[in-house]
Amino acid sequence: MIKLNTCAAIAAGGFVVFLAACSHPPLPPPASERVSPTAMVEAIRAARTGDKSVVQIAPLRDPAVDGYLDGARADEAAGKYRDALAKIEAALKLSPDAPDILQFRAEEEILLREYPAAEADAQRSYTLGPKVGGLCASNWQTVLEIAESKNDQAGVADARIRRDDCHKAGPGRL
């Protein structure tokens, strides 16, 4: 009887080992899920904070644009990203080539996980905007964050170099 129980226990143990060998480890989360969209947007906004590299010029614009943008910021703070995006779209109808508004839309698109659209908006913002300063840094940080989400190391390295090139020291003052 003991011999039979021992054989059964050995067989059961062998079967468990066999099943364990056949199982696969859990798959890592998709690259786009490794970093939350809110963390991506925080990094993008941090890239422009405190930039003291050059004088930055902001054009005067229609007060309605600022109203839409204020509403978009309030919607974003409330987690209403689609509503915020709609207000940004309305602002862009009044000021279609404003690089800062395009970058804001890119950030909102990241929050909505619309990464291809966000990257296109950041690139267009860079094309239309200044090639130095905080906005430039945000443009390239956007590209960097999206490249990281895709685990595109070459894209990350290129975007990091371009982002760092945005920070140029201004002229010396006497």
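User: What do the words buried, exposed and partly exposed stand for here?

Analyst: Buried means under 20% relative accessible area, exposed means over 50%, and partly exposed is in between, with a 1.4 Å probe and protein chains only. This is a predicted model, in which local features need pLDDT of at least 70 and side-chain atom pairs count only at pLDDT 80 or more, while totals for chains, interfaces and linings use all residues. Residues are numbered from 1 along each chain as its sequence is written, and side-chain values use heavy atoms, with hydrogens and water left out.

User: Why is Arg113 called partly exposed?

Analyst: The relative accessibility of Arg113 is 42%, so this residue counts as partly exposed. Arg113 lies in the loop between helix 5 (99-111) and helix 6, where a helix is a DSSP run of H or I with at least four residues, a strand is a run of E with at least two, and both are numbered from the N terminus.

User: What makes the phi of Arg113 worth a remark?

Analyst: Most residues other than glycine have a negative phi. Arg113 is not a glycine, and yet its phi is positive, near 65°. Asn151, in the loop between helix 7 and helix 8 (153-165), also has a positive phi, of about 60°.

User: Why is the pair of Tyr126 and Trp140 called edge-to-face?

Analyst: Rings of Phe, Tyr and Trp (its six-membered ring) pair if their centres lie within 6.5 Å, and planes under 30 degrees apart count as stacked, over 60 as edge-to-face and the rest as tilted. By this rule there is 1 aromatic pair. The centres of the Tyr126 and Trp140 rings are 5.2 Å apart and their planes stand at 65°, so the pair is edge-to-face. Because Tyr126 lies in helix 6 (residues 115-128) and Trp140 in helix 7 (residues 134-149), the pair ties together parts that are 14 residues apart in sequence.

User: How do you know whether Trp140 is buried or exposed?

Analyst: Trp140 has a relative accessible area of 5%, so this residue is buried.

User: How do you know how helix 3 runs relative to helix 4?

Analyst: The axes of helix 3 (residues 63-77) and helix 4 (residues 81-94) come within 8 Å and cross at roughly 165°, with axes being lines fitted to C-alpha atoms, for helices over the stretch in contact, and angles running from 0 to 180 degrees between N-to-C directions. Angles under 35 degrees count as roughly parallel, over 145 as roughly antiparallel, 65 to 115 as roughly perpendicular and the rest as oblique, and therefore helix 3 is roughly antiparallel to helix 4.
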